[in-house]
Amino acid sequence: MRRTVYARWGKPLLDRTAAAAGLVVLSPVLGAVALLVRTKLGGPVLFRQTRPGLGGEPFEMVKFRTMTDARGPDGALLPDAQRLTPLGRFLRGSSLDELPELWNVLKGDMSLVGPRPLLMRYLDRYTPEQTRRHEVRPGITGLAQVYGRNAIGWDEKLAYDVSYVDRISLSLDLRILLRTVFQVVRRDGISAESHATMPEFTGSAES
């Protein structure tokens, strides 16, 4: 019962309060990063993409831009690893690129803690069990992010997401937030081997 009350009422209230405070306190950092991105990469400063939220419903997630729009001779975008700039690597490694997502939290699209919002095209690739990750709002950080981030495989990452859904509580959220700080400082698990972030999720072996 306490978990249900927290998930339904306490968590959204804490999320929006913390997001509002974070946007105010971190406004100088947000401004400095925005200026850097504008200077080094040009416009737009923000990267916007439709992602699945609670119940798989789409919302527009915002992040600081970390890649160029470089294209090959055929007009197609180059692979992520080729478009990721040194500034982009720094922003991703420090998680500064995620700061605009506080706006998504304030709007109620996201939570501070929860499964990361992935791509819309992945929705029909999940097993029924993996789909349960959408029973809660997606988060800026989550259980999978503090236990491997992008250095673990998809099945393990999605298992952590479902585990969070089953265990959601204030104490777990606070532990994840604390571990996130250490994870960012140590810069662990930023990318999977030979990838800018993670390889494409093509489905679980169980699906």
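User: Which helices each supply at least two residues of the lining of the second largest pocket?
Analyst: In this predicted model, residues are numbered from 1 along each chain as its sequence is written, and local features need pLDDT of at least 70, side-chain atom pairs count only at pLDDT 80 or more, and totals for chains, interfaces and linings use all residues. Side-chain values use heavy atoms, with hydrogens and water left out. A pocket is an open set of points on a 1 Å grid over the protein atoms alone, where a 1.4 Å probe fits and protein lies on both sides within 12 Å along at least five of seven lines, and its lining residues have an atom within 4 Å of a point. With helices taken as DSSP runs of H or I of at least four residues, the two that meet this condition are α1 (2-25) and α8 (154-167).

User: How many residues does α1 give to the lining of the second largest pocket?
Analyst: The lining consists of 20 residues, and those closest to the centre of the pocket are A7, R8, E135, V136 and I168. Helix α1 gives the most to this lining, and its contribution is eight residues.

User: Is D166 buried, partly exposed or exposed?
Analyst: D166 has its place in helix α8, and its C-alpha lies 20 Å from that of G153, which is 13 residues away in sequence. Buried means under 20% relative accessible area, exposed means over 50%, and partly exposed lies in between, with a 1.4 Å probe and protein chains only. Because the relative accessibility of D166 is 39%, this residue counts as partly exposed.

User: How many residues apart in the chain are K63 and D97?
Analyst: The side chains of K63 and D97 meet in a salt bridge at 3.5 Å, N to O, where a salt bridge is a side-chain nitrogen of Lys or Arg within 4 Å of a carboxyl oxygen of Asp or Glu. The pair links distant parts of the chain, since K63 sits in strand β2 (residues 58-64) and D97 in the loop between α4 (86-94) and α5 (101-107), at a separation of 34 residues.

User: How many salt bridges does a search of the whole structure find?
Analyst: One of them joins E129 and R132, whose closest N and O atoms are 3.5 Å apart. Others share partners, and these join K63, D97, E98, E101 and R116 into one network. Over the whole structure, the search finds 14 salt bridges.
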